[in-house]
Structure formats: C-alpha cells, structure tokens
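Me: I want to know what stands behind the labels on this model. Please take me through them.

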Amino acid sequence: MKTLQEENFEELKVKVLDLIAKTSVELGHRSDAKTMSALSKIFAEDLQKENRFKRMTINQICDSFHIGVRYADFDPYLNIRTFFRFINTHKLLVDDARNKVEVLNQNPK
C-alpha cells in the first residue's frame with residue numbers, strides 16, 4: 001500500500017474528489033462541482049505536504065472520514081479544517097495502535 005507521499009498527485013486528487021463527494025452526500029450538504037474540485041486539489045496538496053500525514057495511506061484517510069462523519073463531537077462541514085480534524089483524531093488512534101504493537105510488543109489483534 002502506497003503512503004500519501006508516494007501517491008501520484010493526479011490519482012490522489014481523483015481519490016480525494018471521490019471522498020469529498022461521498023462525504024458531501026453523507027453530511028447532507030449540496031456542493032457544486034467547482035467547489036468540490038477546488039477542495040480536492042487543495043486537500044490533495046495538503047495531504048502530500050504535511051509531514052504528520054506522510055506515513056498514512058489513502059485508506060486510512062477514508063477511514064478517518066467514515067468515522068468522523070458518524071461520530072464527530074462537533075458539527076462537521078465540508079471544509080479543510082473539518083478534514084484535518086477527522087484525520088488528526090484518527091491518526092492519534094492509528095499511532096497509538098502502532099506504538100502498542102511495534103514498541104510494546106502487544107498482540108496486533
């Protein structure tokens with residue numbers, strides 16, 4: 001599985017656009033194609049630039065959105081700030097699990 005930095009930018013942009021469109025429907029928001037296209041470009045660039053996300057995969061990003069839409073303790077909007085909140089919350093869980101397995105030698109299950 002490729003990390004975000006290893007992803008081809010154009011392919012990542014398409015994957016992110018699909019994710020944003022799905023999230024828009026799940027949140028009940030109506031966004032035009034131009035707005036979603038701009039959001040996907042900005043967000044794809046952010047995903048590849050942010051050092052804290054460099055080890056994450058697009059599947060982990062999708063998981064963070066899935067969980068965030070359903071269980072966020074705030075009213076989510078279709079914007080970059082909400083996307084970062086989804087990812088940061090999920091990343092804490094992933095990093096904690098990775099630490100328990102790799103450092104503390106706990107059972108991965």
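Predicted model: local features only at pLDDT ≥ 70, side-chain atom pairs only at ≥ 80, totals over all residues.

Reply: Residues are numbered from 1 along each chain as its sequence is written, and side-chain values use heavy atoms, with hydrogens and water left out.

Me: Why is the pair of Phe 74 and Phe 86 called tilted?

Reply: Rings of Phe, Tyr and Trp (its six-membered ring) pair if their centres lie within 6.5 Å; planes under 30 degrees apart are stacked, over 60 edge-to-face, and the rest tilted. Here the centres are 6.0 Å apart and the planes 35 degrees apart, so the pair is tilted. Phe 74 lies in the loop between H3 and H4 and Phe 86 in helix H4, so the pair ties together parts twelve residues apart in sequence. Helices (H or I, at least four residues) and strands (E, at least two) are DSSP runs, numbered from the N terminus.

Me: What makes Arg 85 lie over the face of Phe 74?

Reply: The rule asks for NZ of Lys or CZ of Arg within 6 Å of the ring centre and within 35 degrees of the ring normal. Arg 85 is at 3.6 Å from the ring centre of Phe 74, and it counts as lying over the face.

Me: How many aromatic pairs does the structure hold?

Reply: There are seven. One of them, Phe 53 with Phe 84, is edge-to-face, because its planes are 65 degrees apart and its centres 5.4 Å apart. Both Phe 53 and Phe 84 are buried.

Me: What makes up the largest nonpolar core?

Reply: A nonpolar core is a set of buried Ala, Val, Leu, Ile, Met, Phe, Trp, Tyr and Cys residues joined through side-chain atoms within 4.5 Å. The largest has 22 residues; Leu 4, Phe 43 and Leu 47 are among those with the most contacts inside it. Its largest share, five residues, comes from H2.

Me: How do you know that the buried residues of H3 are on the same side?

Reply: They include Ile 58, Ile 61, Phe 65 and Val 69.

Definitions and conventions:
Buried < 20%, exposed > 50% of the residue type's maximum accessible area, 1.4 Å probe, protein only.
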